[in-house]
Amino acid sequence: MADHYAKDRFDDIPDDLKRVGAHRAPPKAGRGWLVFLWAALATVVLVTAGILGLFALSDRVNFTDTSTTPATAVPEPTETPTAEATIDPESMVTVLNGTGTKGLATRAIEQLNGAGWTQNITPGNASATDVTTTTVYYEDASQEGAARGLAEALGVTNIQLSTQFQIPVEEGEEPILQLTVLLGSDFDPVE
């Protein structure tokens with residue numbers, strides 16, 4: 001049998017007939033690159049906006065005008081008054097061992113007892129064992145002299161005002177002021 005069919009009205013298509021529906025023209029040359037470039041540009045814009053947004057949220061970027069402040073408005077440094085080192089046997093003192101050396105807090109307390117600090121001293125272990133610098137912490141400016149005296153008795157120089165070791169109290173009660181010594185690996189008790 002032959003694969004030839006009789007000619008009918010669908011075989012003759014007018015030349016001026018416009019195509020519609022699923023009939024598409026072939027894509028233009030280079031169209032793929034244009035889509036890629038637009039996608040790359042959009043990606044760069046979105047990533048940049050995201051990074052700037054994160055910096056703005058974490059206060060790393062300051063959008064305020066700082067040029068209005070004159071350069072000569074730098075305040076003169078002033079000396080902060082330092083309290084004289086004193087021994088306060090009434091102060092509550094906590095000695096925390098921040099190293100892996102066993103008995104270091106006890107040896108520090110013995111050294112303090114020899115220097116006149118004889119009451120209200122409690123030994124303990126710090127939550128970390130990798131402290132490198134011994135520091136005396138005091139909670140109120142009125143304790144600075146006692147903190148200096150405590151540091152001198154231990155042979156250390158670092159003191160710091162901090163409420164990190166503050167004892168919690170009930171509402172309406174006076175805070176319990178204490179001095180806290182955090183022993184580091186640099187502490188060498190006097191024998």
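Before I turn to the structure, one convention is needed: a residue counts as buried when its relative accessible area is under 20%, as exposed when it is over 50%, and as partly exposed in between. Please also keep in mind that this is a predicted model.

Let me begin with the overall layout. The protein chain has 3 helices and 5 strands, and when one reads along the sequence these elements follow the pattern α-β-α-β-β-α-β-β. The chain consists of 191 residues, of which 24% count as buried, and it exposes about 14,900 Å², with carbon and sulfur atoms supplying 56% of that area. If we take the contacts between residues at least 6 apart in sequence, 78% of them join residues at least 24 apart.

Now to the charged side chains. A search of the whole structure finds 1 salt bridge, and here the side chains of Glu144 and Arg148 meet, at 3.0 Å from N to O. These two residues are separated by about one helical turn, because they lie 4 residues apart in helix H3, which covers residues 144–154. Arg148, with a relative accessible area of 25%, is partly exposed, whereas Glu144, at 13%, is buried.

Finally, the nonpolar surface. Leu34, Trp38, Leu41 and Val45 together make a nonpolar surface patch of about 430 Å². Val45, one of these four, is found in helix H1, which spans residues 31–57, and because its relative accessibility is 48%, Val45 counts as partly exposed.

Notes. Residues are numbered from 1 along each chain as its sequence is written. This is a predicted model: local features need pLDDT of at least 70, side-chain atom pairs count only at pLDDT 80 or more; totals for chains, interfaces and linings use all residues. Side-chain values use heavy atoms; hydrogens and water are left out. Patches are made of residues with over 30% relative accessible area and no salt bridge: like charges are joined within 9 Å, nonpolar side chains (Val, Leu, Ile, Met, Phe, Trp, Tyr) within 5 Å. Accessible areas come from the Shrake-Rupley method with a 1.4 Å probe; for residues, only the protein chains shown count as cover. Buried means under 20% relative accessible area, exposed over 50%, partly exposed in between (1.4 Å probe, protein chains only). Contact means heavy atoms within 4.5 Å.
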